[in-house]
Amino acid sequence: MAGVLSDTEYAVLGLLTFGERSGYELDKLAARGIGYFWRPAKSKIYGILPRLVERGFAESTTVAQASRPDKQLYRLTPDGVGALREWLDSGHPIRGVSRDGLLLKLFFGAHADRRALRAQVADRKRAAERQLAELEEIERSIDRARDFFPYLTLLHGLEDARSTIVWAERALAELDRLPAEEELRSRA
């Protein structure tokens, strides 16, 4: 059964292991949980849920609401649990191409305004500092025994944020050591 679904569909099945949820609630759960390393768009989640129901991996229930449109709640089926388990146990890691626009810009940075690149690296550093603060707050509140496996991913996020901060500080120092742009352009 592994390989039958996309990695994002398996991620949604995994989110459903935390209990019955609406698409909106799954999006919020993804943001607080796997969103630091795997963040499907809300529209993608809403598109995946009916397909999971159609394939028998999830079931849905309509809940009437007084002042809002009815909402759909989704839960895993035994086949969904089995598909998720088979995927989790498979030896095939998820391989994706990491895309980072800032690194692409830096690679071609000889043709850019150094101040603009420096500002972008400084922005990345500030974003990593914010992410580190958020993750450290999560680390202080997480029950490591109950949430052991999510904690392992948290450890990765903490180290990733820390390494991004260290990299950004070094990149900023290197950018500051560059000769003036006029001197660089006169050498070209």
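At 42% relative accessibility, Asp 123 counts as partly exposed (buried is under 20% relative accessible area, exposed over 50%, partly exposed in between; 1.4 Å probe, protein chains only). The model is predicted: local features need pLDDT of at least 70, side-chain atom pairs count only at pLDDT 80 or more, and totals for chains, interfaces and linings use all residues. Residues are numbered from 1 along each chain as its sequence is written, and side-chain values use heavy atoms, with hydrogens and water left out.

Asp 123 forms a salt bridge with Arg 126, with the closest N and O atoms 2.2 Å apart. A salt bridge is a side-chain nitrogen of Lys or Arg within 4 Å of a carboxyl oxygen of Asp or Glu. The count comes to 19 salt bridges. Asp 123 and Arg 126 both lie in helix α6 (residues 114–141), 3 residues apart. Helices are DSSP runs (H or I, at least four residues), numbered from the N terminus. Arg 126 is partly exposed, at 40%.

A second bridge pairs Glu 169 with Lys 125 (3.7 Å, N to O). Glu 169 lies in helix α7 and Lys 125 in helix α6, so the pair ties together parts 44 residues apart in sequence. Lys 125 counts as buried, at 19% relative accessibility. Glu 169 is partly exposed, at 41%.

Within helix α7, Glu 159 forms a salt bridge with Arg 162. The closest N and O atoms are 2.7 Å apart. The two residues are separated by 3 positions, about one turn of the helix. Glu 159 is partly exposed at 48%, and Arg 162 is partly exposed at 31%.
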